[in-house]
Amino acid sequence: MKRKGVWAGVVLIVLLLAVGGVGWYQQQLASGGDGGPVGGPVELPSTQGEFSLESLGDDQLAVLFFGYTYCPDVCPMSLAVVRQALAELEPAQRQRVVPLMVSVDPERDSLERLEEYLAFFGERFIGATGSQAQLEELAERYGVVWRKVEAPDSAMGYTIDHSSSLYLVDREGEIQRRVLYSPSHQGLLAALRETL
């Protein structure tokens, strides 16, 4: 009698593990296979009209960055890293790269503000933003975490905490490489040379 109870318990555990494994596998497929971001289309109003990844050429890549213009440190550093990496590419390679910053601060970052801000980094930089709902959906697909933090003692009123990876994305919205934040441009430069 005890033996039947033990076998029933073993069978139940095996079944639970199998069901859990199938669920985990499906979740991995939905999130890009490795638990990372899935990417996908980017279609937003931008400093150069309506922007869509689909408008990129077959051999072009976007260097996609999520940030905001009032960011005191990470955003200007990341944009400077993009500028430095682009400067070291061969001219033909440079033409295949589209630097794109998506602002996660639509309350303050108008397209005019983005255009003025990005001009400090180069004329090829495109700024884009959208509604809160658009940005939340896009950020979720790209694995971007961001939140508004009230700063009552600051003249800015609030800041935004956000993740700071750079994404090399093709016209299909497929993430070719994800480059972690670094004050050095060497990691991005190596990723661009390998991907282009």
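1. Buried, as used in this note, means under 20% relative accessible area, exposed means over 50%, and partly exposed is in between (1.4 Å probe, protein chains only). Strand E1 (residues 43-46) has Leu44 and Ser46 on a covered face and Glu43 and Pro45 on an uncovered one. Helices (H or I, at least four residues) and strands (E, at least two) are DSSP runs, numbered from the N terminus.

2. On the source: this is a predicted model, in which local features need pLDDT of at least 70 and side-chain atom pairs count only at pLDDT 80 or more, while totals for chains, interfaces and linings use all residues. Residues are numbered from 1 along each chain as its sequence is written, and side-chain values use heavy atoms, with hydrogens and water left out.

3. Overall, the protein has 6 helices and 9 strands. Of its 196 residues, 41% are buried. Contact means heavy atoms within 4.5 Å. Taking contacts between residues at least 6 apart in sequence, 69% join residues at least 24 apart.

4. Strand E1 is antiparallel to E2, with 4 bridges between them; two strands count as paired if DSSP finds at least two bridges. Pro45, from the uncovered face of E1, is placed opposite Glu50 of E2.

5. Strand E8 is covered on both faces: Leu166 and Leu168 are buried on one side, and Tyr167 and Val169 are buried on the other. E8 runs antiparallel to E3, joined by 4 bridges, and Leu64 is opposite Tyr167 of E8. E8 also pairs with E9, again antiparallel and over 4 bridges; there Val169 has Ile175 as its bridge partner. The E8-E9 hairpin has 5 residues between the strands, and Gly173 in this turn has a positive phi of about 85°.

6. A nonpolar core is a set of buried Ala, Val, Leu, Ile, Met, Phe, Trp, Tyr and Cys residues joined through side-chain atoms within 4.5 Å. The largest such core has 52 residues, and the members that touch the most others are Val42, Leu64, Phe66, Tyr142, Leu188 and Leu192. Beyond its neighbours within four places in sequence, Leu64 contacts Val42, Leu100, Val102, Tyr142, Ser165, Leu166, Tyr167 and Val169. In soluble globular proteins, nonpolar side chains tend to be buried together.

7. Helix H6 (residues 186-195) has Leu188, Leu189, Ala191 and Leu192 as its buried residues. They span an arc of only 165° around the axis, which puts them on the same side of H6; the arc is taken from the directions from the helix axis to the C-beta atoms. These buried residues pack against E3, helix H2 (74-88), strand E4 (97-103), strand E8 (166-169) and strand E9 (175-179).

8. In helix H4 (residues 111-118), Leu114, Tyr117 and Leu118 are buried. Viewed down the axis of H4, they fall within an arc of 90°, so they line one face of the helix. The exposed residues Glu112 and Glu116 are on the face turned away from that buried side. The cover over the buried residues of H4 includes H2, E4 and strand E5 (126-128).

9. Gln60 is in the loop between strand E2 (49-52) and strand E3 (61-67). Its side chain reaches the backbone nitrogen of Gly57 at 2.8 Å, and a polar atom of that side chain is 3.2 Å from the backbone oxygen of Gln95. With residues up to four places away in sequence not counted, Gln60 touches Gln95, Arg96, Val98 and Asp170.

10. Tyr70 is in the loop between E3 and H2 and is partly exposed, at 30% relative accessibility. Tyr70 and Asp109 are 39 residues apart in sequence, with their C-alpha atoms 8.5 Å apart. Not counting residues up to four places away in sequence, Tyr70 touches Asp105, Arg108, Asp109, Arg113 and Met156.

11. On the cysteines: a disulfide is taken as a pair of cysteine sulfur atoms within 2.5 Å, and by this rule the count is 0. For Cys71, the closest cysteine sulfur is that of Cys75, at 3.1 Å, which is too far for a bond. Cys71 is buried at 8% relative accessibility, and Cys75 is buried with a relative accessible area of 0%.

Notes:
Polar contact = N/O pair within 3.5 Å; in protein donor to acceptor, adjacent residues only side chain to side chain.
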